Amino acid sequence: MKRNIALLAILTALAAILALGTGAYFTASGQATNVVTTGTVSLSLDERRADGQVFPDLTADVLPGQSVSKIPYVVNTGSQPFYTRMLLQVFGEKGGEHFPIPEELVTLDLDTEHWAQGTDGWWYYRGEVAPGDKKAPFTQVTFSPRMGNEYMDARIVVSVTAQAVQSKNNPVPQGDYTRVAGWPAD
């Protein structure tokens, strides 16, 4: 009998050990790293003449009544398409002083088919500029024959400033590029 009790105790202990072993859970762990690379919105300004040469800083004499080839391209140097705008300012410099020039004396042959002037003074390109593409708002500057002697020995400056904002996931509200989200504050 003692032997049966000892055998029963051993069997009970083995059953208890087996029950604990079957109560274990299978587990596994792992790690994944997801890398998201963002695109770039980047631009450069490239000023050329109609013959493709780099636009020089003109120190030659330009007389009233003449036109000068000047093409300021905004070039998409990034990896994503963007919307662009340019601020075009014309002023004179003489003796270290800046002075305004009336619009009718220096005119830019603006491309109003593809560019529109906003009420903020900026010129907005009507569409996207694809990576590697370039757009220009004008190709020529004309000096009026009515420019008087007060402009003699003056430098006429056509200043071009360009900005860009992403076009993907950035709709144009009612076709108005001035209202696209993300334009930098002036």
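The exercises below concern a predicted model of one protein chain. Residues are numbered from 1 along each chain as its sequence is written. In this predicted model, local features need pLDDT of at least 70, side-chain atom pairs count only at pLDDT 80 or more, totals for chains, interfaces and linings use all residues, and side-chain values use heavy atoms, with hydrogens and water left out.

**Exercise 1.** Describe the open sheet of 3 strands and identify its edges.

*Solution.* Two strands pair if DSSP finds at least two bridges between them. The strand order is β1-β3-β9, and the pairing is antiparallel. β1 (43-48) and β9 (134-135) each have a single partner strand and stand at the edges, so one side of each is left without a neighbour in the sheet. Between β3 (residues 71-76) and β9 there are 2 bridges. Opposite V75 stands K134 in β9.

**Exercise 2.** Determine what share of the protein chain is buried.

*Solution.* Buried means under 20% relative accessible area, with a 1.4 Å probe and protein chains only. Of the 186 residues in the protein chain, 28% are buried.

**Exercise 3.** Determine how far apart in sequence the contacting residues lie.

*Solution.* A contact means heavy atoms within 4.5 Å. Of the contacts in the protein chain between residues at least 6 apart in sequence, 74% join residues at least 24 apart.

Definitions and conventions:
Helices (H or I, at least four residues) and strands (E, at least two) are DSSP runs, numbered from the N terminus. Buried means under 20% relative accessible area, exposed over 50%, partly exposed in between (1.4 Å probe, protein chains only).
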